[in-house]
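Here is a short report on chain C and on a strand of chain B. Please keep the sequence and the structure in view while reading.

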Amino acid sequence: MSSFSMPAAESSARRPRRLLLVLGVTLIVATYVFLVILQPTELTGGTGSAAALVSLGGFLGGGALLVAGVLPMLTTSSLVVMPLGIALNIAIGQLAGSLGLQIYLDAIGTVLVAVLAGPAAGAATGAISNAIWGLFNPFALPFAAGAALIGLLAGLAAKYGLFRRLYLAAAAGLVTGAVGGLVAAPVAVFMFGAAGSPGTNAIIAVFRSLGDKLLVAATKQGLLSDSLDKIVVFVLVALILHALPRRAIRQFPFARTR
Amino acid sequence: MIRLEVDAFSYDGTEQVLVGPVLQVHPGDHVVVTGASGSGKTTLLRLLAGLTGSDAGAAFTGSITLDDERLDFAGSEQDPRIDAARWSEQVAYVAQGAWGQLSMMSATVGEEIAFGPANRGVPAGQLRARVDAVAESLGLTPLLERDPRRLSGGQLQRTLIAAAMVQRSRVLVLDEPFQGLDDDAAAEVAAALEVLRREGTGIVVSAPILPAPILPAPILPAPMLPAPIPAEAAPRSARVLALAGGRPVFDGSLADARTAGLDRFGIGTMGDPPAIGEAPERPEPAAAGAALLELRNVSFRYPQQHGAPHGTGLRGVGFSVSSGEIIALRGPNGSGKSTLLQHLNGLLRADSGSIAVDGTPIRSQPTGSFAAVVGYLFQDTDQQLFERTVLREVAYGPRSIGRRRPDAERRAAAALDEVGLQAVSQAHPYELGFVQRRLVALASLLATGPRLWALDEPTAGLDAPAREVMAALLRAHARGGGAVVLATHDAAFAETVAHRSLWLDDGRIVTQGGTEHG
Amino acid sequence: MPRRRIYNPLTELLTAALLVVLVLVVNRWEVSLAVLLLVVLPAILLSGRARRIGLAIAIVVGPLLISSLLLHGLFFPEGERILLDLGFARVTVEGLAFAAVMGLRTSVFAGVLLTAAMTLDIADLVATMTHCGWNRKLVFIVGSAVGLIPQVALRGEQITRAQQARGLVVGAGLPSRLRALLAVTTPLVIGLLVDASERNHMLEARGFSARVPRTSYRPDSDTPGQRLFRILLTLGVGAFCLTWIVLVVLT
């Protein structure tokens with residue numbers, strides 16, 4: 001045995017910490033159920049401070065548990081691409097603003113990582129991305145669990161080859177966006193009273209003027225705008241993937257076998 | 001101390017990239033691996049660095065011997081897999097392209113150099129001592145607290161060398177370390193390598209052209225001054241391994257290599273003019289005062305960023321270029337060459353004075369609207385390649401100025417023919433080598449068909465054949481009634497190709513005249 | 001600007017987070033206002049970069065407050081005391097009150113966290129994570145992402161210029177803008193992935209897969225005093241919250 005060679009089986013990736021994953025997912029689901037079904041404080045009277053605490057703690061904590069569970073299974077090749085995805089999320093989010101686009105496009109990096117390195121890396125990228133973004137814009141912080149979910153769903157879509165066809169990618173984006181919108185709505189409502197950009201608030205205002213409760217109006221708005229945003233993001237990522245040289249894809253075992 | 005024998009190497013089991021080269025490095029050796037683009041230099045260096053590509057489907061047959069340990073490879077599954085961490089303790093490797101070699105998580109040069117030992121758990125006190133020692137030898141001590149992302153090219157390259165060498169590896173392998181560096185920066189890096197070599201490190205460097213020999217004088221004074229040695233130099237004792245098409249065509253001393261007629265393999269020598277015959281003929285006098293480009297008293301200042309201006313501006317620059325002319329912009333780094341060039345198509349807008357291209361003054365039109373008249377070649381061409389085939393890439397220019405797809409593709413095919421890339425028109429631009437990617441960018445410019453070309457360091461990093469293609473295309477463009485303005489450090493190229501040179505210093509023109517005065 | 005560092009980043013972040021929890025638990029607008037005026041404002045003024053932090057808070061919070069005021073001020077179907085009926089919208093007392101209370105809470109949330117984030121040195125935070133023995137993969141992802149953000153933005157800008165020089169003109173419509181975005185994003189992503197592939201080899205060569213605890217070149221800015229302070233603060237806030245919930249909320 002040479003001192004420079006290593007056994008073929010060794011690899012830096014290990015199994016995920018299943019307990020942490022299960023705990024994280026349970027916490028996120030429990031938080032969502034608590035917020036939507038029990039609706040602790042009806043928003044007509046108070047401002048739902050308990051709900052705010054629960055959504056902050058539950059979604060942030062759940063995201064953190066997920067990341068902790070996923071970390072051991074990340075190989076170096078997924079590790080180097082995750083910071084890139086996070087930086088892309090933030091930089092393209094800003095670029096989209098400067099180009100005057102009406103959609104956020106702030107999940108391009110998350111979806112790209114998910115497609116190249118798999119659902120686990122995608123979920124972790126989404127969660128960490130929002131945590132880092134929280135350093136520049138604290139309002140991103142409570143949405144960490146939603147961002148992780150988007151990374152996870154995008155990775156699953158890639159696993160089943162949905163990024164090979166544009167219309168399939170668009171459909172996957174629609175579903176992912178809808179799920180993302182559903183999860184994000186209670187956070188927006190209970191943390192910030194559904195305040196967002198003027199554009200999204202105009203949509204909420206329309207539903208409110210029709211008599212919807214705030215949570216219902218925000219959920220409908222989330223379904224609408226997040227779906228649109230994720231359709232565009234998924235199609236853009238599919239187009240970028242199409243233009244990538246094989247050499248760039250070959251370094252990712254997940255994308256290679258896709 | 002290390003010996004690499006390559007029987008054969010191929011990616012994806014297709015074409016053989018390397019056949020037969022043997023490379024041996026001893027302490028204090030300086031070996032230059034040279035060859036034209038696509039000759040297999042990078043692959044050879046990566047093998048030395050222990051990157052046999054087995055995880056990416058490459059097949060390597062041959063052996064690597066480090067001291068008395070011999071690893072044999074048969075291109076099969078049972079081949080040894082090299083442990084990169086342990087290998088790098090003996091053989092340090094600095095690849096092409098600086099950004100991929102930075103961890104990006106270090107706020108200071110010191111942290112970046114310490115990245116490797118910190119990963120290995122070296123205690124803090126020892127960590128500082130090791131970083132200080134390697135920084136001292138490479139003249140990096142004053143830079144230890146600087147942000148690695150804000151260094152000059154030469155400083156960055158030396159930082160990467162330090163980060164790779166902090167383990168005190170005995171062999172240092174560098175893939176085209178001088179690419180994209182100007183003369184001063186290249187001299188700075190060459191001096192740092194010479195220090196390491198004199199400390200006993202075996203140095204292996206790849207280069208598209210043969211370096212000039214260093215005079216045997218003491219170098220690298222404590223505060224690094226621009227050394228009075230030729231850029232990209234190698235010591236007199238350097239050995240040369242020349243490759244052509246993956247096969248070794250020369251193995252011997254640098255002095256012998258310079259007289260071995262390697263130019264028939266597309267391997268030129270530093271400082272040689274491009275071989276395209278006689279000096280440029282004066283252009284025909286342009287039709288009654290129709291200057292293609294006219295600058296009058298142009299001044300420009302970069303906006304202040306974080307308190308410090310981020311580049312030299314321009315101060316009252318005026319000149320004109322008529323059709324048929326090739327003008328070289330010359331001068332030291334930071335004299336304003338690139339700044340001036342970027343005014344010619346509206347990438348930068350003058351604060352005062354006027355610029356007219358083909359009679360149209362540049363005012364507030366979008367930059368993209370000048371693409372039909374002014375073609376711009378960036379120093380870093382990789383920033384524009386984005387299509388999935390070379391043909392589509394080259395057709396993007398004509399398409400974006402409004403030509404229909406069949407017409408654009410016809411023009412693209414013709415342009416690829418002119419730069420000699422017709423064979424790879426269906427390849428992905430990123431599957432090509434550096435030189436070919438630059439030629440793709442040039443073809444893109446040709447296909448769009450602007451009359452004025454603005455070229456930023458067009459010959460940087462090119463091998464001899466590509467440099468000749470560039471020179472020939474420039475002359476043909478001028479003869480056809482176009483005009484060229486090029487910013488360049490390549491004196492031999494400017495003197496052979498340009499009709500006159502404008503010398504810039506600190507944002508103003510200091511001398512105008514024929515190239516023979518330069 | 002060089003600024004002498006007094007507190008470890010973890011201390012700053014934890015204090016900010018516990019302050020947010022406190023404000024949410026107590027849930028009185030008087031407390032929110034008091035924290036804003038007595039804690040956040042002095043902290044900003046003493047930070048040495050008051051203008052930057054103030055501007056950042058204004059940019060982040062301002063639009064949110066305005067759109068919240070418009071949304072709830074005009075459209076609050078649950079509201080009964082109507083101040084002004086515009087037909088399509090009604091200004092109600094309840095809506096305005098809701099917007100005010102939510103706005104105040106949002107401002108405290110953003111104000112506290114942004115002040116903490118903008119006074120801490122991210123490089124120091126990354127070093128602290130290493131000193132505390134956090135997972136090296138997580139430290140790499142966070143540190144490298146933060147380091148890449150300005151780099152990615154800069155490259156995006158350069159690519160935009162390169163494409164403009166080739167004739168890219170961004171039109172007004174959404175399709176034209178998306179096409180422009182694709183023309184910029186694709187080379188950006190390719191370039192970053194090529195770098196990442198090289199960084200992959202670099203990490204392996206620099207022993208990133210080693211199993212021993214990582215060390216840090218930067219000195220540890222943490223002190224036993226601050227460690228004790230963090231533990232006491234956490235326990236204190238926890239105890240207070242429990243008491244508050246039992247005594248005030250449940251009775």
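What share of the accessible surface of chain C belongs to carbon and sulfur atoms? The share is 71%, out of about 11,500 Å². Accessible areas come from the Shrake-Rupley method with a 1.4 Å probe, and for residues only the protein chains shown count as cover.

This is a predicted model: local features need pLDDT of at least 70, side-chain atom pairs count only at pLDDT 80 or more, and totals for chains, interfaces and linings use all residues. Residues are numbered from 1 along each chain as its sequence is written, chains are lettered from A and ligands numbered from 1 in the order in which they are written, and side-chain values use heavy atoms, without hydrogens and water.

**Chain C**

Eight helices and two strands make up the elements of chain C. Helices (H or I, at least four residues) and strands (E, at least two) are DSSP runs, numbered from the N terminus. The order in chain C is α-α-α-β-β-α-α-α-α-α from the N terminus on. Of the 251 residues in chain C, 52% are buried, meaning under 20% relative accessible area (1.4 Å probe, protein chains only).

**Strand β1 of chain B**

β1(B) covers residues 2-10. Two strands pair if DSSP finds at least two bridges between them. The partners are listed here.

| Partner of β1(B) | Sense | Bridges | One residue pair |
|---|---|---|---|
| β3(B), residues 22-25 | antiparallel | four | Glu5(B) and Val22(B) |
| β5(B), residues 59-66 | antiparallel | eight | Ala8(B) and Thr61(B) |
| β2(B), residues 16-19 | antiparallel | three | Ser10(B) and Gln16(B) |

How values were computed
Buried < 20%, exposed > 50% of the residue type's maximum accessible area, 1.4 Å probe, protein only.
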